[in-house]
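Hi everyone, thanks for coming. Let me put the structure on the screen, and we'll walk through a few strands together.

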Amino acid sequence: MTLDKKSHRGALHTVERIGGTVRRPVNRWTPAVHGLLQYLEDKGFQCVPRFLRVDDEYETLSWIEGEAGTRPWPEVLRTDSGLAQIAGFLKSYHRLVKDYIPFDTAEWCVPDLRWQPGLTIRHGDLGPWNTIWLDGVLQGVIDWDLAEPGKEITDVAQLAWHLVPLRGDGFWPKAGFEEPPVLRERLQVLCESYGGFSPDSVIHALLELQETEISRISTLGRSGVEPWRTYLRRGDLEVTTRERDWLRTEYGNLI
């Protein structure tokens with residue numbers, strides 16, 4: 001039997017699909033991510049890849065069937081249903097992972113980050129590109145390589161940034177919206193579906209996240225640390241700065 005093999009190049013490495021599995025090169029943070037994925041599997045949590053095996057060069061994870069939320073987005077992502085489903089996934093994840101304690105020597109993709117009591121392990125790259133959909137239903141959230149210790153609200157803010165999307169007036173046509181979305185209403189749907197955070201608090205958390213990303217792209221990117229080196233080269237520093245400035249200007253119209 002010949003297995004279906006396809007490759008995709010990301011910022012960190014090349015991902016290769018082999019039949020019903022995904023094979024990727026290992027990194028220094030791979031054990032920490034495997035620990036998280038194994039914990040989620042042990043708790044019966046759905047919609048995340050399953051850790052299958054690892055050797056000195058590659059990790060193998062389960063493949064999640066469906067359509068990735070690349071641009072233009074799947075139709076469901078342009079509806080309240082899509083926002084509500086992702087927010088519900090994130091709330092369920094946060095409830096489960098709040099009791100998770102990484103092993104003491106866990107390393108994350110961002111150098112020198114360490115878990116402390118009171119922090120969660122956030123996904124770290126919550127954009128539509130890492131969501132998988134089938135017939136309008138969320139099938140999974142993939143690519144946990146950028147998982148890191150942080151605050152729950154930062155994950156919600158990242159969803160607001162990329163999925164409301166709070167990215168400026170020029171982004172919505174790229175996502176496939178035929179008319180400008182009412183961002184204030186979409187942000188409200190996201191916050192109500194997740195629960196516990198107001199639009200105002202999420203926007204403040206997003207501005208903080210954007211400042212963090214600007215700093216990382218600038219410092220880690222110029223030091224040659226991936227994926228921030230790639231982000232710097234492709235112009236993400238300028239894009240993130242522009243989107244932060246737009247959000248500061250539009251703040252009053254969004255709450």
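Let's start with Gly150, which sits in strand E10, residues 148-150. When I say strand, I mean a DSSP run of E of at least two residues, numbered from the N terminus.

A quick word on the source: this is a predicted model, where local features need pLDDT of at least 70, side-chain atom pairs count only at pLDDT 80 or more, and totals for chains, interfaces and linings use all residues. Residues are numbered from 1 along each chain as its sequence is written, and side-chain values use heavy atoms, with hydrogens and water left out.

Back to Gly150: is it buried or exposed? Gly150 is buried, at a relative accessible area of 12%; buried means under 20%, with a 1.4 Å probe and protein chains only. Setting aside neighbours within four places in sequence, Gly150 is in contact with Leu119, Thr120 and Arg122, where contact means heavy atoms within 4.5 Å. Its C-alpha atom is 7.9 Å from that of Trp115, 35 residues away along the chain.

Now to the pairings, where two strands pair if DSSP finds at least two bridges between them. Strand E8, residues 131-134, pairs antiparallel with E6, residues 67-68, over 2 bridges, and Glu67 stands opposite Trp133 there. E8 is also joined to E9, residues 137-141, by 4 antiparallel bridges, with Leu134 partnering Val137. The E8 and E9 hairpin has 2 residues between its strands, and Asp135 takes a positive phi near 55°.

Finally, E4 (residues 51-54) and E5 (residues 58-62) pair antiparallel over 3 bridges, in a hairpin with 3 residues between them. Here Val54 faces Glu59 across the pairing.

Terms used: Buried means under 20% relative accessible area, exposed over 50%, partly exposed in between (1.4 Å probe, protein chains only).
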